[in-house]
Amino acid sequence: MASLAEKRKADAEERAPDSQARPEELRLLEALLFAASEPLDQATLAKKMPDGVDIKVALAQLQADYASRGVNLVRIANKWTFRTAGDLSWLMTRETTETRRLSRAAIEMLAIIAYHQPVTRAEIEEIRGVVTSKGTLDVLLETGWIRPRGRRKTPGRPLTFGTTEAFLSQFSLEALGDLPGLEELKGTGLLDSRLPTGFSVPTPSDDPALREDEDPLEVGDLELALAPAAEPENEGGS
């Protein structure tokens, strides 16, 4: 009677042809992506591949292989990672999880930063037409969805803000260009269909490089209070 070790060896030999029939680069990509604690960019993955492997083709093939599975290969902010298939996300829901809803002011600020970045606090207030409280900005910074980018080359050198990769990941966006445009916003009811003549929604940019009117952040900028104390917001304006 065959021992347990012999049986396992025989089973492994039977499976060997199947594993060898699959391209080795796909098995390598699987291993790298499953083991990674965070999404990996194409350049990082390419360095781990054997010479001659077309990383773009390999990623596309692996993505197709997983398209109908419970786990999908997705690209978030130009980086690759495995995620639970969208139609199975309910399986990951925990009843003990409490969702923290953003205030209307925070949602408005987040939208302005996403579409108008890089943007300063004063510019946000000008667009909204109301004073922005320190607490609202702090809440968005704590979520990790926005970050200080640099300092505007204007008197006072105010901080400029932009969104982060965590923002793209939270809202399942591959790039900022996937944010809804004017017609999509109208269709969802988020914008009044009777908008002023000439009204438009800006096209956000994914370029992380500082603009000509921005200076790099200085040492200690991230530790400073990012917004001075202000009176509570008056949504009606004054």
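Reader: Let's start with helix H4. What covers the buried residues of H4?

Author: Bear in mind that this is a predicted model. The cover over the buried residues of H4 includes helices H2 (24-35) and H3 (42-48), along with strands S2 (71-76) and S3 (79-84).

Reader: Ok, and which residues in H4 are buried?

Author: H4 runs over residues 55-65, and Ile55, Ala58, Leu59 and Leu62 are buried there. Looking down the axis of H4, these buried residues fall within an arc of 95 degrees, so they line one face of the helix.

Reader: Why would residues three or four places apart point the same way?

Author: An α-helix has 3.6 residues a turn, so residues with that spacing of three or four places point the same way.

Reader: What's exposed on the other side of H4?

Author: Lys56 and Ala64 are exposed there.

Reader: New topic. At what angle do H5 and H7 pack?

Author: About 65 degrees, with the axes of H5 (residues 104-116) and H7 (residues 134-143) 9 Å apart. Their crossing is right-handed.

Reader: Which residues make that contact?

Author: H5 brings Ala105, Ala106, Met109 and Leu110, while H7 brings Thr136, Leu137 and Leu140. Six of the residues in this contact are nonpolar, one is polar and none is charged.

Reader: And the whole protein, how many helices and strands?

Author: Nine helices and seven strands. Of the 238 residues in the protein, 29% are buried.

Notes: Residues numbered from 1 in each chain as written. Predicted model: local features only at pLDDT ≥ 70, side-chain atom pairs only at ≥ 80, totals over all residues. Heavy atoms only, no water. Axes fitted to C-alpha atoms, helices over the stretch in contact; angles between N-to-C directions. Helix = DSSP H or I, 4+ residues; strand = E, 2+ residues; numbered from the N terminus. Left-handed = near helix turned anticlockwise from the far one by under 90°. Contact = heavy atoms within 4.5 Å. Nonpolar A, V, L, I, M, F, W, Y, C, P; charged D, E, K, R; others polar. Buried < 20%, exposed > 50% of the residue type's maximum accessible area, 1.4 Å probe, protein only. Arc of directions from axis to C-beta.
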